[in-house]
Amino acid sequence: MKIAVFASGTGSNFAEILESIKTKKIKNVEVVLLVSDRPEALAVRKAINESIPVFSFTAKDFPNKQAYEEKILEKLTQLEIDLIVLAGYMRLLGHVLLQAFDQKIINVHPSLLPAFAGKDAIGQALDYGVKVTGVTVHFVDEGMDTGQIIDQRAVTIDSEETRETLIKKIQEQEHELLPEVIQRLANQEAAE
Ligand code: GRF
């Protein structure tokens, strides 16, 4: 299964997917493209270091979302991408990609959806004072973190929890769950 990872930031999930492939924790999966809306993102640097092709763009160079998504779609089609993995991609997808990749786009979100959708889910959970939060991998639809849930992991919030310690616990779970879900989808595709 050929995947394209979309990332706007650090790219720790992206790096973890590459590592899972290298160590054969996941099999029959190939990352063939990194897409980023921030050419200076650390994720882009990681891709270059690992010789993964990059398509990066600046949204304001295009008249609208449809225009840059058409460019992305061109790349995805050329490379025969089977699955899009959003890993810290900070833009809502538009109809161009959603229609072309119906049920073939997943996202990792740092909360137990439907709680704390949207930006800064970790800050929202700390502010609310919940004792359990977690990680969700879900299919992507036109809403903000609203698509069908594929799998989740819970993370407890201790009394002495800080933002930093919670981020670390959440990322540990993300780094396990996301490659696991990708493997499951690859197995399903192979069985079809
Ligand atoms: C992750 O916490 C993910 O859940 C959210 O964005 C963050 C990306 O982190 N959607 P990284 O760039 O993979 O380190």
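**Sheet, covering helix and ligand surroundings**

His 109 has Thr 136 of strand 6 as its bridge partner. Strands here, like helices, are simply DSSP runs numbered from the N terminus (H or I with at least four residues for helices, E with at least two for strands). This is a predicted model, where local features need pLDDT of at least 70 and side-chain atom pairs count only at pLDDT 80 or more, while totals for chains, interfaces and linings use all residues. Residues are numbered from 1 along each chain as its sequence is written, and side-chain values use heavy atoms, with hydrogens and water left out.

Seven strands make up an open sheet with mixed pairing, in the order 3-2-1-4-5-6-7; two strands pair if DSSP finds at least two bridges between them. Strand 3 (54-56) and strand 7 (149-156) sit at the edges, each pairing on one side only. From one strand to the next, the twist averages 20°, with axes taken as lines fitted to C-alpha atoms (for helices, over the stretch in contact) and angles running from 0 to 180 degrees between N-to-C directions. In general, strands of a sheet pair through backbone hydrogen bonds, either parallel or antiparallel.

Strand 1 (residues 2-6) pairs with strand 2 (residues 30-36) in the parallel sense, over five bridges. Ile 3 has Val 31 in strand 2 as its bridge partner. To get from strand 1 to strand 2, the chain passes through helix 1 (residues 12-22), and this β-α-β crossover is right-handed, that is, clockwise along the path from the first strand over the helix to the second when the strands point away from the viewer. Strand 1 also runs parallel to strand 4, joined by four bridges. Phe 6 shows up in both pairings: it stands opposite Val 35 in strand 2 and opposite Leu 86 in strand 4. Strand 1 is mostly covered, with four of its five residues buried (buried means under 20% relative accessible area, exposed over 50%, partly exposed in between; 1.4 Å probe, protein chains only).

Thr 133, which lies in strand 6, is buried at a relative accessible area of 2%. Its bridge partner in strand 7 is Val 155. Leaving aside neighbours within four places in sequence, the contacts of Thr 133 include Pro 110, Leu 112, Ala 125, Leu 166 and Ile 170, where contact means heavy atoms within 4.5 Å. Helix 6 (residues 163-191) lies across strands 1, 4, 5, 6 and 7, running at about 155° to strand 7.

Finally, the ligand. Its surroundings consist of Thr 10, Gly 11, Ser 12, Asn 13, Gly 88, Val 108, His 109, Pro 110, Gln 171 and Glu 174, a residue being near if one of its heavy atoms lies within 4 Å. A polar side-chain atom of Ser 12 is 2.6 Å from a ligand oxygen atom. On the backbone side, a polar atom of Val 108 lies 2.9 Å from a nitrogen atom of the ligand, and one of Thr 10 lies 3.5 Å from a ligand oxygen atom.

Key:
Polar contact = N/O pair within 3.5 Å; in protein donor to acceptor, adjacent residues only side chain to side chain.
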